[in-house]
Structure formats: structure tokens, C-alpha cells
Protein chains: 2
Amino acid sequence: MTTTVRVLLADDEHLIRGALAALLSLEDDLLVVAEAATGPEALAMARAHAPDVAVLDLQMPGADGVKVATSLRTELPACKVLIVTSHGRPGHLKRALAAGVRGFVPKTVSAQRLAELIRTVHAGNRYVDPELAADAISAGDSPLTAREAEVLEHAADGAPVAEIAERAALAEGTVRNYLSSAASKLGAENRHAAVRLARERGWV
Amino acid sequence: MTTTVRVLLADDEHLIRGALAALLSLEDDLLVVAEAATGPEALAMARAHAPDVAVLDLQMPGADGVKVATSLRTELPACKVLIVTSHGRPGHLKRALAAGVRGFVPKTVSAQRLAELIRTVHAGNRYVDPELAADAISAGDSPLTAREAEVLEHAADGAPVAEIAERAALAEGTVRNYLSSAASKLGAENRHAAVRLARERGWV
DNA sequence: GTCCGTCCCTGACATTTGTCATGCCCGGTG
DNA sequence: CACCGGGCATGACAAATGTCAGGGACGGAC
């Protein structure tokens, strides 16, 4: 005998969410009990409906899937989290696993496969997409120190050094130093390319 | 009496494409005759099946929705194009309309609404999402000259000026000049922020 | 035809950014 | 304890970037 799995669906794209809800409803052991379009909404819905499995998009307005997962971990430990994403960055996978996420797959999987995976994580097992896992392993850990990452983040929008220095409460020379060492660690020509690379790998 | 509308579905995310195909099939006047995951594939499928309406994702590997639309316009003038997108940048809408696209909507619409819109464009009418249209109008036209845009594009990945100069066959001083004027037109502090802004508005 | 505005292009100069040598503090090792 | 090694922080110098004034080409207005 199979019990019914109560599912929460969170994705900012109505089109996908609705379509997915319809498709998952075709599986007679899955029941979509709630939908959400933003991070905070997902959290509220989870509190209200206490689903067995939460399917979260990685990028949502308000709070991303990993942040929601972190909150759920403490508030609803019984609720398993499965993350789906369009652009899989290595660092995100690592953060997701650290947040107690049970599954991590790209949106290129079929709905059929997603249904299977919902059952898999509900049964207490884990699953991460092999390709994303390989990427994460080959990309490895972030080589950046805490300050380097912090400064790089402040530099992300192309702000001049003076502004970064003020925001980080550091001397300009120090900021330049961190940016420079971050860039060389990442193999980038300059800080802007470094920002791009760090973003791609999910390290900022 | 309503005739059957033959639809081509192109999106790189299996999950969405499959779900969408299933949902649109519920409408008895819509028939999904082909699916594609990349730009070139969409083009090939369109040639093979000559659909009435092509529903294209804006961002796909190989060639984006607008490029595909441009090719379709000459090869299959009878095929109406409807573009769906997750992140609507003002400039994209403009380029899309210039390419003869009949509809332009964000992925936040419901499947029900999408089905209606497929009928709308099939009937020969146009439809663009009001909010996206408002954004496009308020953002206005690109204030950048041809050269400014070209140089800005070369600068997009954070390359040093010397490299940009070589790629564009210009003196370094000239390149700096274009970058500077582009930045000031966009109200950016420096060229990197300028690149970011131009991207957001879809001007590069 | 001549004027005016705009785009395209350039080199010289000022400013910002990247690199280097250096010093402090802290935790782990012998 | 004395000695690393690594992260944190700084200022001085070299290199890249941004700014400026100006010149040539072209098209539309008068």
C-alpha cells in the first residue's frame, strides 16, 4: 500500500507551477496541497499546510530556495525539501546540501522523473543530479577567504573602490588587495571578470 | 466552428515543455505537433512540421527566440510566433516586435491564459503583456550609438581595453572614449556598471 | 553653398585600479 | 616557548582606465 504524499510547490513562474501541479496531480499518490510564488509565501504556506515534500525553485523573489530550506529545516524538520533549478551553479548545490536539502535537480528533467524523485525523497533517500554533482566536485570549494568574498560581493555591481572601502569599513588599499588576490585565485584578469566567475561557480 | 491550431513548443527546460504540452493538449482545439529544446532544433522542427503557431522561449541554447523568429519570418511567413520569457528586458520586446513576433508574455501567466493567447495570435491579432510594454516604453530607446553598443558588448566579459581595441580594430583611446560616453549616457559610474545596466534594459 | 549637429576617431592628461613589500595577530606544531 | 603559515590590513608605486579638447566626415536645415 502506498500513502499519499502531500506536496508544496513553489516557483515564481505561474506557467510552470500550474502546469506542474496539473501533471503531478495525475499521479494518484501525489497531492499538491499548496502553491507559492515567492520565498516568504512558500514559508507561510509550509507552516499552514505542513506538507510532506516541498518542491522549491532555486531563484524566487524575496528569498531563494536555499534560504527557505534553511528555515524549513528548523520549523518543519519532517518536511523534505527538493530543489529544482534552471541554471545549476556548483556552489548552490553545496549550500543546498548544507541546508539539509534532500534532492537537487535541473529543470531539464521530465515531469515523470520529478514525480519519482518526490517519492524518493519522501522515502527518506537523497538524490542529486549526477551532472550537477560532477560540476560541483570539479569546481571544488571556494578558495576565497571570508573577507575576499565579502569585498567581491560589494564589488559585484561595479562600484568604485572608494565606495566598497566605505561599505566594508576598510582602507582603499586593503580593498584593492583583496580584489586582486581574489582575481588571481580565480584566474581572472581583473576584478570584474572575477565577479563573473565567482557568480558562475556560486561562490558569492 | 473552430479549426485545430497546430503548435510548436520550444523551451530548453524539459519540465516546463512537457508540462505545457500536456496542459495545452487538454484544450481540444490545440495540437502540439512538435517540441524543441534549442534554437536550431526549433527551426528544424518548424521546417518539418510547418506549425500554425510557434511558442518560443526567449533564452535557449544555440539561438534565442528572437533569432529563431527572424528566420521563421522569411521561411514560414504563415507561422505566427508567440514568445514567452522569464525575465522580460525592455529591449528584447522591441527586438522581438521588429522581428515580426505576434505575442510576447512573461512566464508568470497561467496555462489557461497562454492557450487563449495562442488562439489570439493564430487569429492574426497581436498581444504583448501590458506590464512589459509599460517597461519598454518607460525605458525608451537605446541612447547608444552603434559603435558605443559594439564596444560595450566587447567589454561585457570584463576584458581589458587593449583586447577590446584589438577586437574592434580601434585605438585604445577611442575605445575608452566610447565606453566613457556610453557610461555617462546610462548614468553609470564606470563601464562595468554600464554593461550591467545595458543588459538589464536589453540594449546589448 | 554654408551652417549646424552628430557620429566617429584620436592623443594627452588626470584619476582609478592593480601589484608589491611589509607588518600585525592568531592558532597549530615541534 | 619559538617557530611557522595563513588571514587581515596598510601605503607606495606602476599600470590600466576615465576624461577632455579637438579634428574629419557626413547629412539635413536654411
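A salt bridge is a side-chain nitrogen of Lys or Arg within 4 Å of a carboxyl oxygen of Asp or Glu. Keep that in mind for the exercises below.

This is a predicted model, where local features need pLDDT of at least 70, side-chain atom pairs count only at pLDDT 80 or more, and totals for chains, interfaces and linings use all residues. Residues are numbered from 1 along each chain as its sequence is written, chains are lettered from A in the order in which they are written, and side-chain values use heavy atoms, with hydrogens and water left out.

**Exercise 1.** Work out how chain B and chain A meet, and how many salt bridges are counted between them.

*Solution.* 
- Step 1: start with contacts (heavy atoms within 4.5 Å). Here 25 residues of chain B touch 26 residues of chain A.
- Step 2: go on to buried area, the accessible area (1.4 Å probe) that two parts lose on being put together, summed over both. The two chains bury about 2,200 Å² between them, with 66% of it on carbon and sulfur atoms.
- Step 3: now count salt bridges between chain B and chain A, and you get 0.
- Step 4: see who supplies chain B's side. The largest share, 7 residues, comes from α1(B).

**Exercise 2.** Find how many salt bridges the structure holds over all chains, then look at the pair A:R47 and A:E75.

*Solution.* 
- Step 1: over all chains, the total is 26 salt bridges.
- Step 2: in one of them, the side chains of A:R47 and A:E75 meet at 2.6 Å, N to O.
- Step 3: A:R47 is in helix α2 (residues 39-49) of chain A and A:E75 in helix α3 (residues 65-75) of chain A, so the pair links distant parts of the chain, 28 residues apart; helices here are DSSP runs (H or I, at least four residues).

Note on methods
Helices (H or I, at least four residues) and strands (E, at least two) are DSSP runs, numbered from the N terminus.
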